[in-house]
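Please view the sequence and the structure together.

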Amino acid sequence: MNEEKILNILRNTPDEELFAEADAVRSQTCGDEVYIRAIIEFSNYCRCACEYCGLNVKNDELSRYRMTLEQVIKASREAFDENVQTIVLQSGEDAGIKTDEICQMVESIKRIGDIAVTLSCGEYPYEDYRLMRNAGADRYLLKIETVNREIYHKLRPGCRFENRVRCLHDLSELGYQVGSGSLVGLPGQTLEDIADDIMFCVNLDLEMATFSPFIPHPKTPLGDEPGGSWLLGLRVLATARIALPAVHIPVSTALASVSPDDYMSPLNAGANVVMADVTPYEFVKYYDIYPGKAPIGFRKGRDSISRLKKIIESMGRPIGIGRGDALKKKSTDYFL
Ligand code: 5AD
């Protein structure tokens with residue numbers, strides 16, 4: 001794979017052909033199992049000012065919350081009781097949480113049972129990532145958002161692209177299963193940029209990749225921008241599957257939110273993972289990254305899992321059993 005090939009697929013392969021090819025690759029490399037990951041959005045505090053994100057520090061109309069350790073444990077236990085063996089702990093970049101507290105959450109969840117813990121809490125120094133890994137964290141999600149440096153630095157004021165890349169390298173070195181990916185349809189972003197985003201994930205030799213359509217949030221500077229379309233989001237997902245045959249690719253919550261009635265198309269176009277929002281109901285509406293987020297999340301924890309199970313079963317696909325760890329060690333071990 002190279003950028004030119006990816007761009008050619010994105011530009012020229014007709015929808016149905018692209019989706020069918022991605023589905024065939026997914027079936028061959030990942031099998032038919034669909035893994036359910038339970039996500040707990042444990043804090044919506046954020047020190048960043050990302051112009052696309054509703055949690056950005058400048059949005060002072062948003063009520064902020066931080067879940068207690070007990071609340072996190074309870075939500076995790078409920079998901080585990082539904083046989084979900086991955087808990088994703090996600091938050092804004094919350095300066096009010098100590099690394100120690102994140103470690104405590106990880107340790108407590110690991111004591112519940114055979115659960116993989118995925119963290120998605122933003123950029124930290126190497127030492128903090130090391131402590132979290134030592135506490136038992138298995139995976140880390142950190143989207144690069146866009147590899148177009150100009151757009152990146154414009155939309156993420158005060159943040160450095162190089163630091164995000166440093167984080168991804170540190171996480172790999174520490175033995176995390178690492179996920180990255182980008183936003184699709186950001187203002188000024190071209191198809192070439194998106195091909196670069198996919199290539200970035202290929203070069204990093206990741207275990208997971210997520211691509212989400214950008215959904216404008218009215219309380220952000222990008223509120224009046226058009227946003228990324230569902231179809232483009234689906235095409236990027238499918239292209240990513242062809243370029244990244246053996247990584248876990250979820251139906252991103254944003255993609256599911258753009259077309260809540262069509263949860264199946266992404267699973268038929270390369271995705272092999274779904275996210276069930278098990279954040280306690282009282283907090284869900286405050287994790288307001290973008291409008292209309294996670295129709296699935298509007299159900300209470302267990303309901304969101306059982307609803308996804310029904311969708312997967314109705315497609316005749318098996319629900320993944322076990323933790324659903326990385327499909328590969330290194331792509332060099334793996335040939336199609
Ligand atoms: N639309 C879609 N996804 C968004 N994210 C943040 N804001 C938006 C938005 N407006 C995504 C970012 C971040 C993840 C947690 O949420 O990619 O990495």
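This is a predicted model: local features need pLDDT of at least 70, side-chain atom pairs count only at pLDDT 80 or more; totals for chains, interfaces and linings use all residues.

The residues around the ligand are Tyr-52, Cys-53, Gln-90, Lys-143, Glu-145, Leu-183, Pro-213, Phe-214, Ile-215, Ile-289 and Tyr-290.

| Residue | Atom of the residue | Atom of the ligand | Distance |
|---|---|---|---|
| Tyr-52 | polar backbone atom | nitrogen | 2.8 Å |
| Lys-143 | N or O atom in the side chain | oxygen | 3.0 Å |
| Ile-215 | backbone N or O atom | nitrogen | 2.7 Å |

On its own, the ligand has 400 Å² of accessible area, and the protein covers 87% of this.

Asp-94 belongs to the loop that runs between β2 (86–91) and α4 (99–112). Its relative accessibility is 5%, so Asp-94 counts as buried, the limit being under 20%. A polar atom of the Asp-94 side chain is 2.7 Å from the backbone nitrogen of Gly-96. When neighbours within four places in sequence are set aside, Asp-94 is in contact with Ser-43, Tyr-45 and Arg-66.

Thr-13 is located in the loop between α1 (3–12) and α2 (15–30). Is Thr-13 buried or exposed? Thr-13 is buried, because its relative accessible area is 14% and the limit for buried is under 20%. Apart from neighbours within four places in sequence, Thr-13 has contacts with Asn-8, Leu-18 and Arg-235.

Definitions and conventions:
Residues are numbered from 1 along each chain as its sequence is written. Side-chain values use heavy atoms; hydrogens and water are left out. Helices (H or I, at least four residues) and strands (E, at least two) are DSSP runs, numbered from the N terminus. Buried means under 20% relative accessible area, exposed over 50%, partly exposed in between (1.4 Å probe, protein chains only). Contact means heavy atoms within 4.5 Å. A residue is near a molecule or strand if one of its heavy atoms lies within 4 Å of it. A polar contact is a pair of N or O atoms within 3.5 Å; within protein, one must be able to donate a hydrogen and the other to accept it, and residues adjacent in sequence count only if both atoms are side-chain atoms. Accessible areas come from the Shrake-Rupley method with a 1.4 Å probe; for residues, only the protein chains shown count as cover.
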